[in-house]
Amino acid sequence: MGSNFPLFPEAASSTALRVDALFFFWLAVAAFFTIAIFVLLPVLAIKYRRRPGRLIGKAVHGSTPLEIAWSAAPMAIVMVLFVWGAEVFFHMYRPPNETWDVDVVGKRWMWKLEHPNGKREINELHVPVGTAVKLHMTSEDVIHSFYVPAFRVKQDVLPGRYTTLWFRAIKTGKYHLFCAEYCGNEHSKMGGWVTVMEPADFQQWLSGETAGATGPQVSPAAAGAELFTKFACSSCHRKAGPGEPPSLGPNLEGIFGTTVKLQGGATVTVDENYVRESILDPTAKVVDGFLPVMPTFKGQMNEDQVLALVAYVKSLTKSDASASAAAPAGGG
Amino acid sequence: MADSASTSHGGAPPVAHQFATARQQREAANLGMWFFLVQEVLFFGGLFTVYAVYRFRFPEAWAEASRELDVKLGAINTAVLITSSLTMAMAVHGAQLGKRSQQMVSLLLTLALGATFLGIKAIEYHHKWVEHLMPAPGFQFHGASSGPEVGHARLFFACYFVMTGMHALHMVIGFGLLLWLLKNAAAGVYSGAYNTPVENVGLYWHFVDIVWIFLFPLLYLVHPR
Amino acid sequence: MSTIASDSVAAAHELDHEPLDESLDYINASYGMRSWLLTLDHKRIAILYLCSVTFAFLLGAVFAAMVRIELLTPAGDFMQAETYNKVFTMHGVMMVFFFLIPAIPAVLGNFLVPLMIGAKDLAFPRLNLASWYLYNLGIAFTLYAIATGGIDTGWTFYVPYSTQWSTSNVIPVGLGVFIIGFSSILTGLNFLVTIHRMRAPGLTWFRLPLFIWAMYATSLVIMLGTPVIAITVVLLALERIFHMGFFDASLGGDPVLFQHLFWFYSHPAVYIMILPAMGVVSELISTFSRKRIFGYEFVAFASLAIALIGFLVWGHHLFVSGQSVYAGLIFSALTMLVAVPSAVKVFNWMATLYEGSVSLETPMLYALGFIGLFVIGGLTGVFLGTLGLDVHVTDTYFVVAHFHYVMVGGTIMAYMGGLHFWWPKISGKLYPEFWGKISAALIFIGFNLTFFPQFVLGYLGMPRRYWSYPPEFQVLNVLSSAGASILGIGYLLPLIYFIWSMRYGKDATENPFGATGLEWRTSSPPPTENFAVTPTVTWEAYDYSSVPMPEVSGG
């Protein structure tokens, strides 16, 4: 767990390395100016101290070239910081294409996590080293924030919306997980551990029993397939066979990740948020060519069920509608 | 400036001790009122921002919700308020000329028109109350109490009530100011030499009018055609 | 302008028809509670404010002490979590709204603005008094809320916690904040009109003291920003009481919208705190170098630039809020921009010292301390404005350290420096210079020990508003709490010796520090009317050849 008196956090993700590089650059710049000023101030105060022969300051107005110089120089430095910072930021917000997706629900005062094969955790997250992991997060109540200092990543978790966060761990170990947005009494207790394991160990952990699990582990996508039938989604969202009347809803096979045209001409990318919105507020963005007849399922299913349906729709490939939920072979 | 019996009671206007001249005092009061109105623009601006966000997000629900408002009453109110700005301007004019009767008639008309406006608003609010359109638990829209369209419509009414309510509150404050002016006008306080309070209240009243001129189309005329 | 000059000269003769009693100043001009509580004299109102903000500061400091005591140990063992959450919330509310925002404007600004421009009072003395009563009404509601259970939302009132989940006294505190917003607006309005319309003959804009430029820029921010927090608090209250839906995701509302509205004011609010402080520092650096501020016009315009650009950067509080990445880009770029005028000021102050005649009296110690600490605070602000860095440290102690460096190391240092500098003018007495220096040193040392470790804690990952924390953070927390106790002593000493000096201090002359500025050309303390004759200004700002040498400061 580190020394009793750490002064710098471990860097346990690829992102952390980038952040720390930027940090040290800023630190060098800041230290330079701070030390320069902390030295110059007493030097000036002593060198020009009041004494006989120096009872009044020299009547000087200013110097425009100097003003320009010491406006331009800081401006240039902060622009470097801005560009570099933006670059790191974009890296944080652009996950790779292949990720190990974990669903997260924050609620007062715990984190509930679910792996693609259905394995659930509370306040703990096990991940394989070297694999890009992406979290899809929502809150059941107030705003929380998922924060892993060792990875240098943080993202607010909101009610009514998904937010995402991704990282690639580069070192095995156990790292703090904190809630970083004040959420009430147990805010400081709402956290736990992220455990980074060797891939083989992770596979073993993944296929093992979850302590205290109730019922068989079902992957979110498989759970979503059940819900898809249970809530009769398949009655409208299907591929119409030859001679059949056209389906009332768009066929969902292969639709995830594509861009669809809406009534009125706008387009939208079929991502997690759009699928969620379509379930809970179906008439908001109706696909062109279809009538706004889909009922809303708000109040009829909880966040976990919505997440499962999202996972299911994601898993639908063009040719068939069967879910596949094997763990990726690492890397990505 | 003398004008028979309806002029001010004469004499130099009172200049507060911190001012060097009456002109400085008047200019300071004017500038103060303008700065105050700028601040009021920002106050309502927050509400307009909230309005813009939700209207942009839920255009259809908001168009539907807007249909529940009575455009006729809103239009009448708009005309009433614009007319009250005219009568207010007449009051300022009367004060500048020191014409007591013009001041008092104009101020009374302004008050009456303002009261009409608030009365009509009260009727509209009452209708909304009866139709379960108050944005609180118990809200119903097109017969439904839940569902996304209901929530979005509720947001429309939340904006409607807060914006028109804030506006009405400012009108009530304006009422108080007008009554104060009326009292002073009756006593012949205002004249060409000293009419700053009337001018400043006039500015305030015109501002309240302008806010309504924005509110009316934004709230009542959302639905197409 | 010439009309006003001749108007005013004529009027001055007209109004000064009574010979002034030389022994009367604004303090002993009249006696009794009523003469103070119903005063229209800007100087007395400044003293009334001094009492109020000092009370607010002490209460906020008590809450701070409680926080630091709890954080001595990793476990939550000094108070319950719920209590702790209330304590840090109320520390923030008291300090931000009832101390930092009003202090320099309402105390030093109220006292000095008319004097510095050669006026007899502010433009609207009754509004001035009203603003003080509004302050009291606002703090009354807040104290009521504290006394009946407190509030636990954080001073930022984030929704949906504050609207749907907190069971604490959100509405009374919201009301208190709304009311004190009005108080602030009236002060800003008064300053703007006064500075525009009531400058003495000959006092053109570029002859004004830089403190006046700073108060002007501050007042612009007050007028444009405060109404937005007012309406935001109204919406918060309506949401909480009627559940209207503005910020409720289940109804289509957006909790992040609250954050935008809140920070649209609360970011410029920090410039309301720092601009007057910078104005004070300009006066101190100039006086105690006996030299005109280098680049006067640039410093003046930098104040305006900070005020205006400051309205464009609020989104840097929302980088991880779920706000779009592109919005983050824009806000980060603008945040970098706002750093530049502050840097320009720092360089100009230092260039003022160069070839000056520097004397290290207590006010100058505070001014120099301000520069050092503000530089650290400002540089860490640039850090926080850097997108890739902010993700890691936002909502951690790094942010807490940053804002304490600028607010305490910045604003409060300048406030203390200003209080010392103008104390002879305000009270007619000299403060004890020896104890002044001791306190300044204690404050500087205590402050750094309190808050520098928090930068380390923040980068390590300790989140804000944590009642209990992992044990490896303890050493740094103990250092911080130790520093806080030294800082506390540093603040208590001036409280004691200022009061002591009112009775036992040496009498001050008109201009003990050899400063320029019209306030130093009238008695200490000034008469109620400020000046026997309205001055006509024919000299440039900071012309030390036209003022006497400073006297040896008292001890």
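Student: What pLDDT does chain A average?
Tutor: This is a predicted model. Chain A averages a pLDDT of 89, and 92% of the residues score at least 70.

Student: And where does pLDDT stay under 50 in chain A?
Tutor: That happens over residues 320-332 of chain A. For this stretch the model has 31 contacts beyond four places in sequence.

Student: Which domains does the assignment give for chain A?
Tutor: Domain 1 covers 14-47 + 62-93, domain 2 covers 100-207 and domain 3 covers 220-315.

Student: How far apart are the C-alpha centres of domain 1 and domain 2 of chain A?
Tutor: They lie 34 Å apart. The contact between these two domains takes five residues from domain 1 of chain A and seven residues from domain 2 of chain A. On the domain 1 side, α1(A) gives the most, with four residues. By class, that side divides into three nonpolar, two polar and no charged residues.

Student: Next, the sheets. What is the strand order in the open sheet of five strands in chain A?
Tutor: The order is β3-β2-β1-β5-β8, with mixed pairing. β3 (120-122) and β8 (163-168) of chain A stand at the edges, so one side of each is left without a neighbour in the sheet, each having a single partner strand. From one strand to the next, the twist averages 25°.

Student: Which way do β2 and β3 of chain A run, parallel or antiparallel?
Tutor: Strand β2 (residues 110-114) of chain A and β3(A) run antiparallel and are joined by three bridges. Within that pair, A:Lys112 stands opposite A:Ile122 in β3(A).

Student: How many bridges join β1 to β5 in chain A?
Tutor: Seven bridges join strand β1 (residues 100-107) of chain A to β5(A), and the two run parallel. A:Asp101 stands opposite A:Lys134 in β5(A).

Student: What stands opposite A:Lys134 in β8(A)?
Tutor: A:Trp166 does. Here β5(A) and β8(A) run antiparallel, joined by six bridges.

Student: Why is β5(A) described as largely enclosed by the rest of the structure?
Tutor: Strand β5 (residues 132-139) of chain A is described that way because seven of its eight residues are buried.

Student: And β9(A), how many of its seven residues are buried?
Tutor: Five of the seven are buried, so β9(A) is also largely enclosed by the rest of the structure. β9(A) pairs with β6(A) in the antiparallel sense over two bridges, and there A:Phe146 stands opposite A:Cys179. Six bridges join β9(A) to strand β10 (residues 191-197) of chain A, again antiparallel. In β10(A), A:Val196 is the bridge partner of A:Gly173.

Student: Changing topic: how many residues does the contact between chains A and C take from each chain?
Tutor: The contact takes 74 residues from chain A and 75 residues from chain C. On the chain A side, the elements that give two or more residues are α1 (14-47), α2 (64-93), β6 (144-148), β7 (153-157) and β9 (173-179). The largest share of that side, 16 residues, comes from α2(A).

Student: What classes of residue make up the side of chain A that touches chain C?
Tutor: There are 45 nonpolar, 16 polar and 13 charged residues.

Student: Now chain B. How many helices and strands does chain B have?
Tutor: Chain B has six helices and zero strands, so along the sequence the pattern reads α-α-α-α-α-α. Its C-alpha atoms fill a box of roughly 70 × 30 × 30 Å, taken along the principal axes.

Student: What share of chain B is buried?
Tutor: Buried residues make up 41% of the 225 residues in chain B. Of the contacts in chain B with a separation of 6 or more, 79% are between residues 24 or more positions apart.

Terms used:
Residues are numbered from 1 along each chain as its sequence is written. Chains are lettered from A and ligands numbered from 1 in the order in which they are written. This is a predicted model: local features need pLDDT of at least 70, side-chain atom pairs count only at pLDDT 80 or more; totals for chains, interfaces and linings use all residues. Ala, Val, Leu, Ile, Met, Phe, Trp, Tyr, Cys and Pro count as nonpolar, Asp, Glu, Lys and Arg as charged, and the others, Gly among them, as polar. Two strands pair if DSSP finds at least two bridges between them. Axes are lines fitted to C-alpha atoms, for helices over the stretch in contact, and angles run from 0 to 180 degrees between N-to-C directions. Domain bounds come from an automatic or database domain assignment. A residue is buried if 20 or more other C-beta atoms lie within 10 Å of its own, exposed if 12 or fewer, and partly exposed in between; C-beta atoms are placed from the backbone. pLDDT is the predictor's confidence in each residue, from 0 to 100.
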